[in-house]
Amino acid sequence: MTPVLATRGLDKAFGAVVAAAGIDIDVPAGQRVSLIGSNGAGKTTFVNMVTGYLKPDRGTIALDGENIVGLAPRMIVRRGICRSFQIPQLCVELTAMANMLVACAAAEASGLSSWRAPDDDGRRERAEGLLERFGLQRYGDRPVSELPGGVRKLLDIAMALTRKPRLLLLDEPTSGVSAEEKFPAMDRVMEAVAGEAATMVFVEHDMDIVSAYADRVIAFYAGRVIADGVPAEVLRDADVRRYVTGAAA
Amino acid sequence: MSTGMPFRWLRRPTLACAFSLAALLQGAAQAQDSFKLGIVTFLSGPAAESFGVPARHGAEFVIGELNKGSAPAPYNKVGFGGLKIEPVFVDENGGATKQVQELRNLYQRENVDAVVGYISSGDCLAVAPAAEELKRFLILFDCGTPRIFEEAQYKYVFRTAAHATQDNVALGRYMKSRNVKVGTFNMINQDYAWGHDSKADFVATMQQLYPDAKPQADLLPKFGAGQYGTEISALAREKADVIYSSLWGGDLQAFILQAAPRGLFQNSQLVLSAADHVLPSLGEKMPNGAIIGARGAYGLMSPKTPLNDWFFNGYQAQRNVWPVQGAYRITQALLGLKVAVEKAMEQNGGKKPTPEQLAAAMENSEWESPGGKIQMKLGNGHQAIQPIAIGRTRYDPAKKMVILEDIQHFEAECVNPPAHMKSIDWIKAGFPGAKCDGRT
Amino acid sequence: MALAATIVVDGLIYASWLFVVALGLTLVFGVLQILNIAHGSLYAVGAYAAASAVGLFASLGFAPVFSLLAMLLAAMAVALILGPILERGLLRLFYGRGEVVLLLVTYALFLILEDAVKLIWGVNPYYVSEPYQLFGNVAIGPLFYVGYDFALVVLAILCGAAVWFGLNRTAVGKIVLAVIHNHEMSASMGVNVNRVHWMAFTFGVFLAALGGAFTAPMISVQPGISVSVIIVSFAVVIIGGLGSVEGAAIGAVTVGLARAAAVHLLPEAELFSIYLVMAAVLIFRPEGLFQRAAARKI
Amino acid sequence: MSRTAISVGAVGVIGALLAIGALLPSWLLFLVTMAASHGVVSLGILLIMRGGLVSFGQGLFFAVGGYAVALTVNRWGATDALVLVGLGGAAAGLVGAITGPLLARYSGIFFGMLSLALSMVLYGILVKSTALGGSDGFNIPRPTILGWRLEGASGDYALYALAVVVTGVAAWLCAIYTRSVRGLVTLAIQANPLRVEYLGASVRGIMALNFALAAVLGGVGGALTVLALGHIEPTFAYWTQSGEFVFVAILAGPRSVSAIFAASLVLELVRSFSNLYFPNTWQLALGVFLLAVILFLPGGIGSLGQARIWRRPTKGRDLAALRAGEAAE
């Protein structure tokens, strides 16, 4: 079976800094993959290359077997790769509901149907459904500027899910979320993602979260993959303990 | 019952408001014992100092004198035929759209009986059809473009000053009569319609009078440029016998201030089509020997008549400076309007004339003005021709002012096209029908 | 060759004039994020103030050479009076409302100053002829130039050098640069941003007034002189890169040379030359010639 | 407000204005005609402004529309006002469709300045075109509607009615548009263009279309102005004219379509009366008025009791949000 995402020989350098070197990763459908690594290891660069924000110096990225290198982010989104952001990228003056409607409508903002009202064509129902799934329905009428950080984080992910993506990339979904909220928040995310039947790749620093929610862990160091496997194995790996989790010392 | 009762409803605020609103919308009732006159001239912006404000001062002086009845004969009747003149001044600055709007406001909101105004040619072109549309009386007093009555015909619109063609034809004739040598000439004119038109008229005149003269540098600085160093280099680089310019106001002053120290006027004869308005302020900074026009026989070139003495001396006493073009031009407009009003009143039995009666009285009329006789001979009797004078500058240290000498007056028919002929065609055809010194 | 030399000399003289005016504009933009339309009016106020000051000096019997001092003092007086009043009393009220709102506030200010100048000085022209002949004439090849023109070049270089040195080599300048770089952070680090604002604006007013004061001897000071300054100095600042001293210099030289070349070679095109250069620069280098991508300003 | 309510309201307002017009004195009728014709240009700026950009070059389209109409009248003798208004809009829309994709690459003040530079280049070309009357411009005769020549008082009313109906329909369409998918996504672009791109929309494409629509509105405004004024000149493309359009848009505030026309009318009235009562200091009076409005009505005239679209008001925020382009993080 063709993997949802397949990268071959991805290289990327910023001047002398190597951010990616020969990255080969296959992600089969339905898997939940966690990317780990210290700051600057190349996780976010990988996410940015897959979503078209950065163009790799060399190598290919295939979605369902089709090369997507060189496509603009919006074209990649339309093919089914959506993402959330480390710092939530929201329209802070609009209400949470309006943000969701934007997310539901954005890709349709061309052609004649774009003249229809944002609530039409089932968009409001879709937005309400997702807000509910993330437990955010009571924030719908509040402007984002008034919402706490954890809620913004979830809203950011909910927006990425509106398009029923084939592949969902989450950049540090629990950063900025308080310790006691992390697990309930991830439960919400996993439940919602399961509901949309999406394959998921998430960047994460909290190893408890990684152990609890990932099917597979890929560890990055200096732009290379140094370990790849089920969480328990990877987290025991000596290199990972030395370079990533810091538990070796 | 109390007599106040019927008006009790007036105290109710809404109705009172409605009532006063209605009064506002109706506008003030037209008074029968005064003549309300809208006057539009530049009170701000670059043309204020040179033309707009002198025109306003001229209007204030003349209206004051007329309302007192102290102008010399035949203008010694109070106001306009006994009607006191009530001026409403409006600033011309702000563009043609605004002028059309304000013209309508003057007629329809302020209920003026006539409007005298407009210095900018663009404004004149824009407001003329608006007045015609409203069937209200309009006198354009200063703007230069010949296009107004050459491209359209009007019933209610008049221009009481000659258009700009005579300025350049007279300059050419003056140079010819003084045997000024013109092998080559340079030109510097502002890059807008006035500069373009003046240049075209001058070049065409030169082709007739000096067929061998060669035009060289043709510079077109933008309006209001202020800095002419580069242009002066270009003019100096291509030496020519004559430097012609239609610059005016602040631009002309800046050009002279910057060019004189660089010796530009020592090797070339400076020829200016409209420059008397800068003489009082430039004073000793004005180069000697420049040939200048005033767009009429105005100011220091005005004729020696009792009418001119009254105006020149009266204005000077009031403003402490002698009157220049703008002041003269509004004066000839106001006197022409006075003649027309009084003529119309003679015919309608002494009532305030309607715009139709005024237009009929003004058409093809003639009257004396401080700058000479104004004749409404072109544009089916709607466009004036007038005499013009050209002279040479010399700073007189004793009088501490620039004086003009070697002045030559040109009759109106010598420097203006005949009726029904476009000015540029007339020049290019070799001035057919021109009458100079009483000869054709 | 002679023609090329003439174009360069003419272009540089014009560029010097542009630079003095544009420098204040770019500085104010860098520090306050305001594209100040009233900059041209402040230039006009400077010219009028210089006319009054030079007249006063002459009537007090000072030698003509002191007229330069009079012009400098006039520009300083304008800056010290108008700078704090306008920044503290007016512009401050609109901070945080966006570039466009501030742009329109300065447009309203431009309208107000236009009439205020008329109310103070009237419509009659003023001349400041004393300084213009101080430096005699200079012959370059077959052409004569007024020595004062080259004094303007020196003034421009002095202004540029002073601002550059002040920003990069003094403690105050480094604080100003910090504010330009990041308002919030410098405020949190204890920089008195308010003080930097009014000082920078006052200095911008000073440069505008200085430009007007030193132009006054070459022109007739009268209503309407402000308008023509606004758009050309905007063009210079945009071409050079907003908020950059070096950019203002490059922009001024570019515009000066382009205009001089147009006047000498293709006078028909003089009217557009500046806008064409501006459009071309924006199309190929949207941030201006001297703005490195994401570089700090000034 | 639902779209149906807006449509009903639009018909009602247009009808009411047509009725009121019959009672207005002639000078005010003309002033309102001008205010509507200029307001529709500012309406275009509103469309762009909701996406976070401000154009300082709408005079370009105003002039293109106006000159297209005036030249058609004078060269080919077409006189039907409805056809001419459509033509003005189409001509400007064409220019907007060409310049839009180019300009949509720019953000913030650079967008504003490039649009300004383009309009000034057109201004320069027009001043140079002696065949078009150069800086003096030229006049056109009064138009016709369905063969009836618009003259005198009834003609004034017909031109007023034309302006009211055309701008009313344009405003109605804009109100619908701002409440559409595109309208909402445009608002999102103002706040966070990066995110919008990551939701699958083309920010440049949407802004280019907004720009083209604004160009059409600019051309329609130019056409209406020329028909009522009977005169056109290059100052239509001058920067002060463009600046005035921006001013009206800011005066109105970003929320409301109808506020644009109120703002345009207020500006015309203030200018007209200050010009009459303070002929020597009308600019000063106008400047003080403008400052006062910006200071005391931070949300613009539209913030005076207006239905909010998709957002809660936070004091003074709307205009801060005009700060073009930058993603709010």
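The questions and answers below concern a predicted model.

Reader: How are helix H5 and helix H6 of chain A oriented relative to each other?
Author: H5(A) spans residues 149–161 and H6(A) spans residues 179–196. Their axes come within 11 Å and cross at roughly 10°. Angles under 35 degrees count as roughly parallel. The crossing angle therefore makes H5(A) and H6(A) roughly parallel.

Reader: Which residues in H5(A) meet H6(A)?
Author: On the H6(A) side, the contact involves Glu181(A), Ala185(A), Arg188(A), Val189(A), Ala192(A) and Glu196(A). By class, the residues of the contact of H5(A) with H6(A) are six nonpolar, one polar and three charged. The residues that H5(A) brings to this contact are Gly150(A), Leu154(A), Ile157(A) and Leu161(A).

Reader: Which helix gives the largest share of the side of chain C that touches chain D?
Author: The contact takes 31 residues from chain C and 34 residues from chain D. On the chain C side, helix H4 (99–121), helix H9 (225–240) and helix H11 (270–284) each supply at least two residues. The largest share is 14 residues, and it comes from H4(C).

Reader: How many residues of the side of chain C that touches chain D are nonpolar?
Author: Chain C supplies 31 residues to its contact with chain D. Two of the residues on that side are polar and four are charged. The nonpolar residues there number 25.

Reader: Which element gives the largest share of the side of chain B that touches chain C?
Author: This contact takes 33 residues from chain B and 38 residues from chain C. On the chain B side, two or more residues come from each of helix H2 (48–68), strand S7 (214–219), helix H8 (229–237) and helix H9 (249–259). By class, that side of chain B has twelve nonpolar, 13 polar and eight charged residues. The largest share, seven residues, comes from H8(B).

Reader: How far apart are the nearest C-alpha atoms of chain A and chain C?
Author: Chain A and chain B do not touch, and their nearest C-alpha atoms are 36 Å apart. Chain A and chain C do not touch either. For chain A and chain C, the distance between the nearest C-alpha atoms is 15 Å.

Reader: Which residue in the turn between S14(B) and S15(B) has a positive phi?
Author: Strand S14 (residues 388–396) and strand S15 (residues 401–410) of chain B pair in the antiparallel sense over eight bridges. Asp396(B) stands opposite Met401(B) in S15(B). The two strands form a hairpin with four residues between them. In that turn, a positive phi of about 55° belongs to Lys400(B).

Note on methods. Residues are numbered from 1 along each chain as its sequence is written. Chains are lettered from A and ligands numbered from 1 in the order in which they are written. This is a predicted model: local features need pLDDT of at least 70, side-chain atom pairs count only at pLDDT 80 or more; totals for chains, interfaces and linings use all residues. Axes are lines fitted to C-alpha atoms, for helices over the stretch in contact, and angles run from 0 to 180 degrees between N-to-C directions. Angles under 35 degrees count as roughly parallel, over 145 as roughly antiparallel, 65 to 115 as roughly perpendicular and the rest as oblique. Two residues are in contact if their C-beta atoms, placed from the backbone, lie within 7 Å. Ala, Val, Leu, Ile, Met, Phe, Trp, Tyr, Cys and Pro count as nonpolar, Asp, Glu, Lys and Arg as charged, and the others, Gly among them, as polar. Two strands pair if DSSP finds at least two bridges between them.
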